[in-house]
Amino acid sequence: FLQPSPTGGMPKAVAPPMANQDLMALANIAGKGDSAFRMGSGLDALVLDKAHDLVVASNDQALPIGPAGAELDRTIWHKNSVDPTLQRMLDVVHGDSLVVHDAATGAAVDGLSADSQRGQQFLGDMFNHDYADGGRAVGGLFDNVEGQAVVHDPSSATEVASAQRAGETAHAVAQRMGEKWHDLLNLNNAGDSLGQMNPKLTQSLSHAMSHYIPDMMGNRLEDTRGFGLLDDAKGVLDGHLPLAKGVLAVLNSDSTASDYINRAAQDYSVLWQRELADSIANRPGDIDWQDASTIGQVYGLRDSASLVQINDDIQDQNQRDAESYRRRQTWVTGMGALVSPVPVVGGLSDGLTMALNGMFVGDGPTPTPFEQGVPRSSIPVQYSIAAELYRNGVGDTSYMSKFAGADGGLLSIDQALGTDRAGLQNGVQNY
């Protein structure tokens, strides 16, 4: 707690009941051990469990009363009285991927049966705290996922097991973001997104998700394990991916996290295109059309997720503008039934009220309209596929002969559009 100073002035920090010397001592004891030997240990599990308890207690506990007789600001209280202990505890266990996996997935441990909802509750609690370090320490819980996601040596049981745990942990995190994206874009009862409140955590989650974009699309490119489909198979087939869209919308709430995950999506699109080109060139009877479909779906998914996050920001700004206007109105028209310490009877004259309204209140805010999706042309992607088919002599190439280049392939998309835009569209679709 922040306890009122007997002499007035700033209150001093006093630990809440759980953030005491015993918890710091527990973290310090665990931290002195060799992390390799502590992996999956009851000691690490205890530290993470108590860290979770501390987050829940500090998020839900009634706030102490400050020297002015009002509740203290929860964020300030967290950062002064709770987070120093909490960050130390999380730093101690961040490298224990076994313990983190069991907590995030709700695995069967310590006599508890497996319960994925227990894992989802753990993630929800840990994501809904305004950390003093921007989420650096809690984000560290997921630092191992990216490096363990892909199996490079299938004969290594250790590597396969690590990848399986990483995939299951990432899937649980993705499920939380996908299902609760609206909550994660409106935290703290103030409309703050996860990226605004805890940018470091959001960046860590972006890294953790990076290898699993192909898994979300049902079109794997690497030997990842443990990350099953996020949306159902029919949704993947139809391009209806609400959970995957939610994941990207949350990660888009921080610019650094957004850049990282979208660069990964772009690079995977390049790999799908190369895989498609290889099948066209070397397996004309077995062309991998799923790659073409996936490329289009990924672009659409990124577009719609970005739109969700942008419109959430617009809604938050509209709400802030409306609240600011309401407050300015009360300055002039009065505070209603609120008791004032100033001995005054009556209010301002009508003329002065009108003048002050014009000076300080003005017209009500005009809400910024939501962004609308911009229809995207599929011609660039189709033309890219057509270029690979043409180069390898597949099908009736006469449809595209008007756009042939000097090197035996087709012109660039910009050159082709400049030559005959309408003819290009017809030629690509016919081809």
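Which helices each supply at least two residues of the lining of the second largest cavity? They are α13 (213–216) and α17 (289–333). The model is predicted, so local features need pLDDT of at least 70, side-chain atom pairs count only at pLDDT 80 or more, and totals for chains, interfaces and linings use all residues. Residues are numbered from 1 along each chain as its sequence is written, and side-chain values use heavy atoms, without hydrogens and water. A search of the whole structure finds two cavities of 30 Å³ or more.

**Terms**
- A cavity is a set of points, on a 1 Å grid over the protein atoms alone, where a 1.4 Å probe fits but cannot get out; lining residues have an atom within 4 Å of a point.
- Points are joined across faces, edges and corners, and a volume is the space filled by probe spheres set on them.
- Helices are DSSP runs (H or I, at least four residues), numbered from the N terminus.

**Largest cavity**
- This cavity holds about 70 Å³ of space.
- Its lining includes Ser-97, His-101, Phe-142, Gln-148, Arg-165 and Thr-169.
- α5 (97–105), α8 (143–148) and α9 (157–179) each supply at least two lining residues.
- Five lining residues are nonpolar, five polar and one charged (nonpolar: Ala, Val, Leu, Ile, Met, Phe, Trp, Tyr, Cys, Pro; charged: Asp, Glu, Lys, Arg; polar: the others, Gly among them).

**Second largest cavity**
- Its volume is about 40 Å³.
- Ile-213, Met-216, Leu-248, Ala-265, Val-298, Leu-301 and Arg-302 form the lining.
- α17 gives the largest share, three residues.
- Six lining residues are nonpolar, none is polar and one is charged.

Conventions. 1 Å grid on protein atoms, 1.4 Å probe; cavity = no way out; pocket = protein on both sides within 12 Å on 5 of 7 lines; lining within 4 Å.
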